[in-house]
Amino acid sequence: MKKLLLILFALGTSLLHAQNDSVVMRFTLEDCLQYAFGNNNTRKQMELDKKTQELNYQLAKESRMPNLNASASGSFSNNNDGSRYTGTAGINTGMTLFQGGQINKTITKEKLALEQSELKVTQYDDNLSVQILKAFLTLIGNEELIKYQSAVMESSREALKQGEQKYSIGSILESDYLLLKAQFASDTNNIVETQSSIIDNLLSLKVLLSMDPEEEFAVIAPDTALLRTLETFPTKNEILDEALAHSPDLRISQYDIDIAKKSLRIAKSSYYPTVSLNAGITANLNEFNNFGSQKDQTFSEQVGISMSIPIYSRGTTRTRVRQSEISLERTELAHEQNILTTKQTIVKEYQDLVSAYNNYKVSEQTKNAYEMSFLAYKNQFQYGSITTVELLQQQNNYLNALNKFIQNKYSFILQRKILDVYMGKEVTF
């Protein structure tokens, strides 16, 4: 079954062949989310919890129905009067007519618990979406970084080649040549480290997807032009209103209150009498053999109503009612605190978004400036107008600005999409 799901899912994804002829699944962010929702093992366990709650709800509804039991017994004896067989058989049924409304309240309580279990799956989906967002964006951020690092490394290779020629004719000092050599080694090592990070990022993403670590897997980065659309985002109040309306956490804690209210009413129902209906048919058989041929067979039918009136339960009912009242008070306080915490979280996430956006725009301008400066210095170095130290200083400035720009860029995207999750919007680019 799992293989079939993978095959069907793969039809909606892009496929390519790696150098070793193995098939590589290439996923967009949307593909990652869909795959995780269908394959994440923790989510599957939560689905099983929901099915268990469905059974509890069904069992509660069945408690309205009468029960039905059959019984039979028989014995055989042998004495001076001969052999004798006696036996009885019967069918009995019973149902509760009134129990202080406990049955109906229990059914409602189990229905609320079922609806809450569905919300818990939604809650997990939101948390899983945020984790996948972080892993996915970190991965494509490193993949973008390595492209720039490769370009810088090629520039360092070219500078080293020129430096080698200049050193051979004595136009630069050996120390300058060694600096160029060290810079090329450093730039090469940067790529190795980023490649290692990419491998770790892929593994982290596979864990969230519950995918085999040996599975050939790659991601498809979103179109950079589409990222510009993220720069327009709702106001803080708009985000807050939508997030509070969507929040699974708040709805779950509200269900806790509703369930606690039902539990209190169930506890109070023990103060009321219980009325039950009982009915049955019994057959008795007496049979003689050998010395006699007597056969006696009788049928009896009975119908009755019984009532049980609670008078004194040694304080059990009163204690349970008080415990339920305390539990209700706790859930109400927890819900109020949950509202405050959720508001604080949303406000902080919004402020983080504004800060991330400003950092992203500033670092973009800084990166562009240092890039132009580095290119200008590289041309000057070719004509011997600047020293090696000046060139390498500009290159390092550009690399630092580049790293900061990419970090800020994907931090902004992450903060923007996290708020989409909080608002209950589809996570997509």
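# Reading a predicted chain, feature by feature

Q: Is Glu-214 buried or exposed?

A: Buried means under 20% relative accessible area, exposed over 50%, and partly exposed in between (1.4 Å probe, protein chains only). Glu-214 has 68% relative accessibility, so it counts as exposed.

Q: How many residues lie between Glu-214 and Thr-88 in sequence, and what is their distance in space?

A: Glu-214 and Thr-88 are 126 residues apart in sequence, and their C-alpha atoms are 68 Å apart in space.

Q: How many helices and strands does the chain have?

A: Its secondary structure comes to 10 helices and 7 strands.

Q: What can I read from the radius of gyration of the chain?

A: The radius of gyration is taken over C-alpha atoms, and the globule rule is 2.2 Å times the number of residues to the power 0.38. A compact globule of 429 residues would come out near 22 Å, but this chain has 38 Å. Taken along the principal axes, the C-alpha atoms fill a box of roughly 135 × 55 × 35 Å.

Q: What share of the residues is buried, and what is the accessible surface of the chain?

A: Of the 429 residues, 38% count as buried. The accessible surface comes to about 25100 Å², and 52% of that belongs to carbon and sulfur atoms. Such areas come from the Shrake-Rupley method with a 1.4 Å probe; for residues, only the protein chains shown count as cover.

Q: Which residues of H2 are buried?

A: Helix H2 (residues 29-39) has 8 of its 11 residues buried, so it is largely enclosed by the rest of the structure. The buried ones are Leu-29, Glu-30, Asp-31, Cys-32, Leu-33, Tyr-35, Ala-36 and Asn-39.

Q: How do the axes of H3 and H4 cross?

A: Axes are lines fitted to C-alpha atoms, for helices over the stretch in contact, and angles run from 0 to 180 degrees between N-to-C directions. The axes of helix H3 (residues 41-62) and helix H4 (residues 102-168) come within 8 Å and cross at roughly 170°. H3 and H4 are therefore roughly antiparallel to each other. For such labels, angles under 35 degrees count as roughly parallel, over 145 as roughly antiparallel, 65 to 115 as roughly perpendicular and the rest as oblique.

Q: Which residues make the contact between H3 and H4?

A: Contact means heavy atoms within 4.5 Å. Those from H3 include Thr-42, Met-46, Gln-53 and Tyr-57, and those from H4 include Ile-107, Leu-114, Val-121 and Tyr-124. The residues of the contact divide into 8 nonpolar, 5 polar and 10 charged. Here Ala, Val, Leu, Ile, Met, Phe, Trp, Tyr, Cys and Pro count as nonpolar, Asp, Glu, Lys and Arg as charged, and the others, Gly among them, as polar.

Q: Which residues does Ile-191 touch?

A: Ile-191 lies in helix H5 and is buried, with a relative accessible area of 9%. Not counting residues up to four places away in sequence, Ile-191 touches Ile-146, Gln-149, Ser-150 and Met-153. Ile-191 and Leu-391 are 200 residues apart in sequence and 20 Å apart in space, C-alpha to C-alpha.

Q: Where is Tyr-255 found, and which residues does Tyr-255 touch?

A: Tyr-255 is part of helix H8 (residues 248-268), and at 19% relative accessibility it counts as buried. Leaving out residues up to four places away in sequence, Tyr-255 touches Leu-112, Glu-115, Gln-116 and Leu-119. The C-alpha atoms of Tyr-255 and Ile-191, 64 residues apart along the chain, are separated by 51 Å.

Key: Residues numbered from 1 in each chain as written. Predicted model: local features only at pLDDT ≥ 70, side-chain atom pairs only at ≥ 80, totals over all residues. Heavy atoms only, no water. Helix = DSSP H or I, 4+ residues; strand = E, 2+ residues; numbered from the N terminus.
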